[in-house]
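Student: I'd like to learn how to read side-chain and helix packing in a model like this one. Could you walk me through it?

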Amino acid sequence: MSTDRLAGETPPGQEAAPATAEARTPDDAAGPGDTAAPEGAAAPGGGATGHEESAAAAGADAEAAGAEVAAAASGEEADAVGSGEESGAPSSAAESGTPASGADSANPGAADGSPAPGPETGTPSSGAETAAPASGAAANPGAGKANPPSGSAKATADALAAAVRAVESGERSAASFFNEAPRPARPAAPAAQPAKGGPQAGPTGPGPEVTRQRTAQETGGPVRPGGPEGGATGPAAAAPAATGPSPAPRPTVRALPGVEGVRQVLAAGGAPETLAEQTAELLGERAAEALSEDPWLLLGVPGVRPEQADGFARALLGPACGPGDERRALAMVGWLLEQAALAGHSALEAAALRAALAQRSVPDPDDALQAAIADGAVLVFQDAIDEPGGRARPAAGDDEEEQPVRVLLGLDRFAMAEESVADGLARLLNTFEAVAEPTRGTAPAEDGEAESDGATADGPGSGEATADEEASDEATTAGDPQVTDGDTPAESPATTAPHPARPSAAAWEAVAAAAPSPSAAELIRAAAHSGLVAHTGAEAARAEPAALIAAARSLGLRAFGATHTENGRRRLAAHLTDSAADGTATGSPDPAAAAVTVSGLLSGREGPGRDTDGALALDLLVVLDAPQLDLETAALLVESLTDGTRLVLSGDPGVLWSAGPGRLFADLLAARFCPQVASRTPDFGPIGELVSGIGIGELSQVEAPGKEVVIVPVRDAGEAVHRTVQLVADSVPRAFGVPADHTQVITVGHGGAAGTRALNAALKERLNPGPGRFGGFDPGDRVAYAPAPGRTVPGTVTGADAAGLHLDCDGSALVVPREQVGTGAVRHGWALTAHQAAGTRWPAAVVVLPGDATGGLTRAWVYTAFSRGERHLSVVQGADQALARAVAEVPVKERTTRLRSLLQQSVQGGEEPTAAD
C-alpha cells in the first residue's frame, strides 16, 4: 500500500484520531476520475454509509493546488466517526467570542450545512458589526444596512435612529453604513449551467498567488479572487445565467415534517435512511423542504462523499441535475473547505480551491467561488507574504511599492476562531498589570504580600488599581463573611473568591530563587512580568510548569495546569506532589488538585469553576501539551480567561500538531508575539537521547545496555504483524516485566496490512479472543474512545447493556451510547496512530513501520511515536532508509493558517517581545 500523508501530518485514512477525519493536505487531492466509494461505504441507495471509510476517502479530495494526484490504495481510510466530526467539535469556541477583526458573524448559510452560531459572548471591545481593516476579513454585507428594505415610515425612522445611536456610541463608523453592497438573492432552484470549455486547469506554478486585490474597505464588500475576465466582483458575475434549453421539471417530493420527512426525502433519492437524524440536526426545522430544494446539502453530513451527493441529486432532480448547477458548486466549495479543516488548514489559497473545484468537475471554478462569496458561505482574506527572514513586511506607505499578498478563502467559523484567539492573546498581554518593583531604600515585601499599588509607576491605570486594592484590603480586614477560615484563593468557591492576590516583585524573585532548576526559575520570572508566556521543552521539562504552578499557589494565586489527556494530568499531578514533598508550599492541602484536563476545565467538571461573569475563576493557567490545541478549543479557552489573567502555553514543538485545524503553538512561536522560555532540561536515558537527535533531524544509534531501545527488522507487513504480537505478548513482559496491557503499539495509519485494524485483530486474537458480541467488542478488550474530535480516551470494556458499551477509563466508569458505538467512536485500542497517542505515555511502546507506509512518515511523526515509551521502545522496522530520510528531510507537513499574520499585525510598529534563550 502506498501511503500519502498523515492527518495534518498523515496520509488519507492512515493517521487520524477517532472522531476526527484527520488531516489531509492539498497534495492529497483525488483526481477527477476518483469517484469510487471507499471500502465499506454505501452509496445512496445502499446500506448505511460507513462513516470512517467514507469520510476518509472524502478527505483525499480535500484540496489540490498543482500537486500530484495520489491514487488511493486499498485500506487507506481516515477515521471520521459519526456525528462526532461535526457535532462533537467545540464549534461554540469559534462563536463564543466576536473577534475585533470584524470577521463575519452571521450564519454561514445553508450551503455547507453548518449550524447557525449561538449567542455571542465575546469581549466588549469586539462588536459583532465592527470591521477591522487590518485583518482583511470580509464584513457581512447584510449586517446593519443604512437603507433598510422598503416598509412603513415608522420602520424607516427606527432604523435611522438605531444607526445614529450606533455612530454616536462609537459602535460603528458612519462610513461603514455606506460601504456595504447588497447581497444578491440566491435562486432556490437554478437551472443547470453548461460547462464552459470543460474543467479549468489548476495553477501553472507552485508559488503562492501574488496579486493586487482591492481591499474590503475599498470595494465595500469582501475581496474576491480574480476571475478569467479580470475578476468581476459584482452580483452579475457571481451567478451567470444559464444558457441552453430549460431542463425537465424534477419529480415532486411532498415531505413530511421533522425527521420522518427527511427520511422520506432520503428514500426518494436512494440515500440511506440512517442519515435522517444527522441531516435533520444539520439543516434544522425545515430540513426536509431544504433538502428537496437543494439535494447537495446532503454533502454537509459527515461521511457523505461528492459522488454520493451527486447520485442523490440525480435521483431527485432528474435531467435538471448537472455538474454546473450553482447549488452543487456552492456545496462543493463548503465541502472542500471542511475537508481542508480536517487536514489542519484554517483557510486555503484561492488557486488551491479553484484547482480542487476543477478536479470535482465544476465547469467554472471562478464563478463558483464568486457565487460562494456573494452567498456569504465563504470569507476572503488577504494575507501578506512573508519576507525571506520570516517576518511579514510592514504595511507600505503611499510612496512605496505595495506589498504582495496571497488571497485566502475560509469558512467563517474557523476565521472567527482564529481571530478570536489572536484578539484574546493580545488582550491578555495588554491588560496585564506588571508587578511593581520595591521602592529603593525600603525593605522588600514578604512572600505573598500584596503590593499597595496596582501597577508600575508609569503603567496605565495605576491610580485605579491602587484604589481597587485598597478597597479590597479594607474588605479583607473587616472580614468577608463569604470566606471562611483556612480558605485560600485557590480553594475558595468560584463565586465567592476574594480579590486576586498581587504578589510583589520581591515575592516572585524569592520563589524563583527557590526553583528546582535554572529553567524553572527563568519560567517563573517570565510569568511574573508578562500576561502571556510560551514555554518549550520535552518530557523532562514538564517539571518546570509544575514548579511555576506550585510557586504561584504559594503566593496566594489561583493557579492551575491543564493537559490534553488524563494521562498527562496524572503526570502533572505527580510533579506537583513532588514539589510539595520537596518542601515547596503550594497553598493547598492537595497539590494534585491543581492538575486538570482542558476538556474538564472548560466543561466545569474539573478545576475552579467559573465566576459570576462566566470567566474561569483563576489567576494563572498553564496549558501543557499546547501543540495539541486546535483553533476552536483554544478560542473557547482564551475567551474564558478574564482580563489580567496570566496564561502560559507550554509544549514540545517537535510533536505532531493538533488533530483539528490550526497550528496555534507553532504560529505563536513563529510570530514572536510574547516572551519565550526554552527549557535547558534534557531527557535522559537512551530513549531521551534518541528522541533528542530526531528533534534536530538526526537518526543515530544509541547505546542501550539495558535494551531500552530495540530495533526489530522485518521484510514485509505480515512479518511486522507477527513480530509485533510476539513483542507485546511475550518478549516485553518477559524482559522488562511490563504486562501486555501497559504496552502500546503505534503505527502509521488505520488501513493497510499493518495498520491499526490488522494489528488490533491479531492482538485481540492472541490476548483476548472472543466473538465480539457487544458491537464487535468483548469484556476485557482494550479500546480507544473518541468523545470529541481530536480526543482519545483509552479504556477497557467491562460489559454492555441497553444503555450502551460500558468502559473502565483509568478507573472511571463510562458508558458509550449504542449509536456512538455503531458509528465508530470506539475502536480497539491495542494499536493506535501517533495522533491518537499524542499527549499520553506508556511504560513500553512498540512502533510499527511497515514498508508500504513510508510516504506518511515525517520527523514530527517519528518524534511523537518514539517518545511515547517511558522505559522501553521497540521499533519494528520495515521502512529501511525511508525512515532516516523522513527524519532528515521532511520536518512536518505544512498547514495554511492565518494566526501568525494576525499576531504579527498586532505587534507591527511596536518593540518585539524578548525571547529568553
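Tutor: Gladly! Keep in mind that this is a predicted model. Let's start with the rings: the structure holds zero aromatic pairs.

Student: Which charged residue lies over the face of Phe560?

Tutor: For a charge over a ring, look at where the charged end sits relative to the ring centre. Here Arg553 lies over the face of Phe560, 5.2 Å from the ring centre. There is another case at Phe381, where the charged end of Arg898 is placed over the ring at 3.8 Å from its centre.

Student: Now the helices. How do α22 and α27 cross?

Tutor: Begin with the axes, then ask about the angle between them. Helix α22 spans residues 685–695 and helix α27 spans residues 859–866; their axes come within 9 Å and cross at roughly 170°. Angles over 145 degrees count as roughly antiparallel, so α22 is roughly antiparallel to α27. The crossing of these two helices, α22 and α27, is left-handed.

Student: Which residues make the contact between α22 and α27?

Tutor: From α22 come Ile687, Leu690, Val691, Ile694 and Gly695, and from α27 come Arg859, Val862, Tyr863 and Phe866. Sorted by class, this contact of α22 with α27 has seven nonpolar residues, one polar and one charged.

Student: What about α23 and α24: at what angle do they cross?

Tutor: The axes of α23 (residues 717–736) and α24 (residues 756–767) come within 10 Å, crossing at roughly 40°. That makes α23 oblique to α24. Is the crossing left-handed or right-handed? For α23 and α24 it is right-handed.

Student: And which residues meet there, between α23 and α24?

Tutor: On α23, the contact uses Val721, Thr724, Val725, Val728, Ala729 and Asp730, while α24 brings Leu759, Ala762, Leu763, Arg766 and Leu767. Divided by class, the contact of α23 with α24 has eight nonpolar, one polar and two charged residues.

Student: One more pair, please. How far apart are the axes of α13 and α29?

Tutor: They are 9 Å apart, and helix α13 (residues 412–430) packs against helix α29 (residues 899–907) at an angle of about 35°. The crossing in which α13 passes α29 is right-handed. Glu418, Glu419, Val421, Ala422 and Leu425 of α13 meet Leu899, Leu902 and Leu903 of α29. By class, the contact of α13 with α29 has six nonpolar, no polar and two charged residues.

Methods: Residues numbered from 1 in each chain as written. Predicted model: local features only at pLDDT ≥ 70, side-chain atom pairs only at ≥ 80, totals over all residues. Heavy atoms only, no water. Axes fitted to C-alpha atoms, helices over the stretch in contact; angles between N-to-C directions. Helix = DSSP H or I, 4+ residues; strand = E, 2+ residues; numbered from the N terminus. Parallel < 35°, antiparallel > 145°, perpendicular 65-115°, else oblique. Left-handed = near helix turned anticlockwise from the far one by under 90°. Contact = heavy atoms within 4.5 Å. Nonpolar A, V, L, I, M, F, W, Y, C, P; charged D, E, K, R; others polar. Phe/Tyr/Trp six-rings, centres within 6.5 Å; stacked < 30°, edge-to-face > 60°. Lys NZ or Arg CZ within 6 Å of the ring centre and 35° of its normal.
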